Amino acid sequence: QVQLVESGGGSVQAGGSLRLSCAVSGYISIQGCLGWFRQPPGKEREGVATVDIGIGSTYYSDSVKGRFTISRDTTKNTLSLQMNDLIPEDTAMYYCARNPSRFCRTAPLRTGDYIYWGQGTQVTVSS
């Protein structure tokens, strides 16, 4: 079983920054993906940034590429998302998630492939 607990959300003005953290506990194999997803109000959940644990590759949605950075601290068992140059369109509930499949790299941002989910943390960006 895997437990994921997000923190670090909040309200910020456009152009500001936030750093989200996800505490990961339970059994985590050396393969699969960990990632960040978001669900804006009234919209479907979408992939934001993920990392393939086995090879260390990172993947980003086009909407956040160049502004967000995903990182993993294996000593602290945490997953982070540094978000810079935030815009109102980034307003959403942000979730940490885990896909244990070693084939996750073929579609690393596909929401339906992720099995374990945290409860989410709200990010609100005002103009």
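1. C33 is buried, with a relative accessible area of 0%; buried here means under 20% relative accessible area, exposed over 50%, and partly exposed in between (1.4 Å probe, protein chains only). C104 also counts as buried, at 3% relative accessibility. The model is a predicted one, in which local features need pLDDT of at least 70 and side-chain atom pairs count only at pLDDT 80 or more, while totals for chains, interfaces and linings use all residues. Residues are numbered from 1 along each chain as its sequence is written, and side-chain values use heavy atoms, with hydrogens and water left out.

2. C33 and C104 form a disulfide with their sulfur atoms 2.0 Å apart, a disulfide being a pair of cysteine sulfur atoms within 2.5 Å. This pair joins distant parts of the chain, 71 residues apart: C33 belongs to strand β4 (residues 33-39), and C104 to the loop between β9 and β10 (116-117). Strands (E, at least two residues) are DSSP runs, numbered from the N terminus. The torsion about the S-S bond of C33 and C104 is about 80 degrees, so this disulfide is right-handed.

3. Because C22 lies in strand β3 (residues 18-26) and C96 in strand β9 (residues 92-99), the pair ties together parts that are 74 residues apart in sequence. The link of C22 and C96 is left-handed, with -80 degrees about the S-S bond. C22 is buried at a relative accessible area of 0%, and C96 counts as buried at 0%.

4. How are the bonded cysteines paired when numbered in sequence order? The pairing is 1-3, 2-4.

5. A search of the whole structure finds four aromatic pairs. Rings of Phe, Tyr and Trp (its six-membered ring) pair if their centres lie within 6.5 Å; planes under 30 degrees apart count as stacked, over 60 as edge-to-face and the rest as tilted. The rings of F37 and Y114 have centres 4.6 Å apart and planes at 65 degrees, so the pair is edge-to-face. F37 is in strand β4 and Y114 in the loop between β9 and β10, 77 residues apart. F37 is buried at 0% relative accessibility, and Y114 at 4%.

6. F37, Y95, Y114 and W117 form one aromatic cluster. The charged end of R45 sits over the ring of Y95, 3.8 Å from its centre; this requires NZ of Lys or CZ of Arg within 6 Å of the ring centre and within 35 degrees of the ring normal. R45 also lies over the face of W117, at 4.7 Å from the ring centre.

Terms used:
Helix = DSSP H or I, 4+ residues; strand = E, 2+ residues; numbered from the N terminus.
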